[in-house]
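Hello,

Here is the structure I promised to pass on. Please have a look, and read my notes below.

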Amino acid sequence: MQKRDREATRARLLEAARLRFAREGYDATSVRDIAGDAGVDATLIFRYFGSKKQLFDQATTADSPADLLAGPPEELVARMVRTVVDHDWTAYGGEHPLVAMLRSSAHEDTRLRIREEVCHTYVDALRDLAEGEDTALRAELLSAWMVGIGILRSVVATPALSEARTSDLAPHIATVATALLGRPMSGNTD
C-alpha cells in the first residue's frame with residue numbers, strides 16, 4: 001500500500017472545495033461531495049482542515065493579483081475591472097471567489113468576512129482616491145457597480161457584458177469612475 005501524500009491530498013480537497021463552493025454555495029455542498037470529487041474519504045477533511053467551515057474559509061480565500069493596488073492611482077479602477085474580466089479564476093469555477101462567498105451569505109460570519117474583505121481592500125482604496133464630500137458613499141457605489149459587473153458576467157452571463165473585453169469597457173469605466181470619484185480616472189491600463 002502506498003503512503004498517502006498529505007500535501008497532494010490536501011491540495012485536491014482544496015481544489016474540489018473551491019469548485020463546489022463556487023457552484024453551489026456553503027449549504028448545498030457536503031463534505032462527502034467534496035471528498036468524492038477529490039477521490040478521498042470525507043474524514044480527511046476534518047483531519048486536514050478541522051471542519052467544513054475552515055475548509056470553506058481556506059477554499060474561498062484568494063489573493064488579489066499582486067499589482068492590483070500598486071501602480072498609478074488613476075488606473076486603480078481599471079486594474080480592478082481587469083481583475084474581474086481578464087484574471088484566470090479557473091480554480092474557482094471561473095468565478096471570482098467573492099461569488100462563492102455571496103452564494104453562502106446566509107451565514108453571518110460569511111457576510112462579515114465579505115464586508116471585511118470588500119471594505120478593507122477595495123472600498124477603502126477607492127475612498128482614498130475620491131475627492132470632495134461623501135467619499136465613502138461614492139466609493140461604495142463604485143464598488144457595487146464593479147461587483148455587479150462580475151455577477152452579470154459570470155453568474156447571469158448577460159451576452160454583451162460576458163463577451164466584452166477590458167478594452168470594450170475602458171471608456172465606460174473611465175466615465176463612471178471619474179464621475180463618482182470626482183477626479184480623472186483612466187479606463188485603460190495598457
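Start with the contacts. Between residues at least 6 apart in sequence, 62% of the contacts in the protein join residues at least 24 apart. Contact here means heavy atoms within 4.5 Å.

Some ground rules. This is a predicted model, where local features need pLDDT of at least 70, side-chain atom pairs count only at pLDDT 80 or more, and totals for chains, interfaces and linings use all residues. Residues are numbered from 1 along each chain as its sequence is written, and side-chain values use heavy atoms, with hydrogens and water left out.

Overall fold. The protein has 10 helices and 0 strands. Helices (H or I, at least four residues) and strands (E, at least two) are DSSP runs, numbered from the N terminus. The C-alpha trace spans about 65 × 30 × 30 Å along its principal axes.

Burial and surface. Of the 190 residues, 41% count as buried. Buried means under 20% relative accessible area, exposed over 50%, and partly exposed in between (1.4 Å probe, protein chains only). The accessible surface is about 10200 Å², and carbon and sulfur atoms hold 53% of that. These areas come from the Shrake-Rupley method with a 1.4 Å probe; for residues, only the protein chains shown count as cover.

Now R20. This residue lies in helix α1 (residues 6–24). R20 is buried, because its relative accessible area is 15%. Setting aside neighbours within four places in sequence, R20 is in contact with G25, T29, D33, I34 and D37.

Next, D27. This one sits in the loop between α1 and α2 (31–38). D27 counts as exposed, at 55% relative accessibility. Beyond its neighbours within four places in sequence, D27 is in contact with K52 and H107.

Last, a surface patch. L152, V155 and V156 form a nonpolar patch, with about 220 Å² of accessible area together. Like charges are joined within 9 Å, and nonpolar side chains (Val, Leu, Ile, Met, Phe, Trp, Tyr) within 5 Å. V155 is found in helix α8 (residues 135–156). At 39% relative accessibility, V155 counts as partly exposed.

Best wishes

Terms used. Patch = residues over 30% accessible without salt bridge, like charges linked within 9 Å, V, L, I, M, F, W, Y side chains within 5 Å. Salt bridge = Lys/Arg side-chain N within 4 Å of Asp/Glu carboxyl O.
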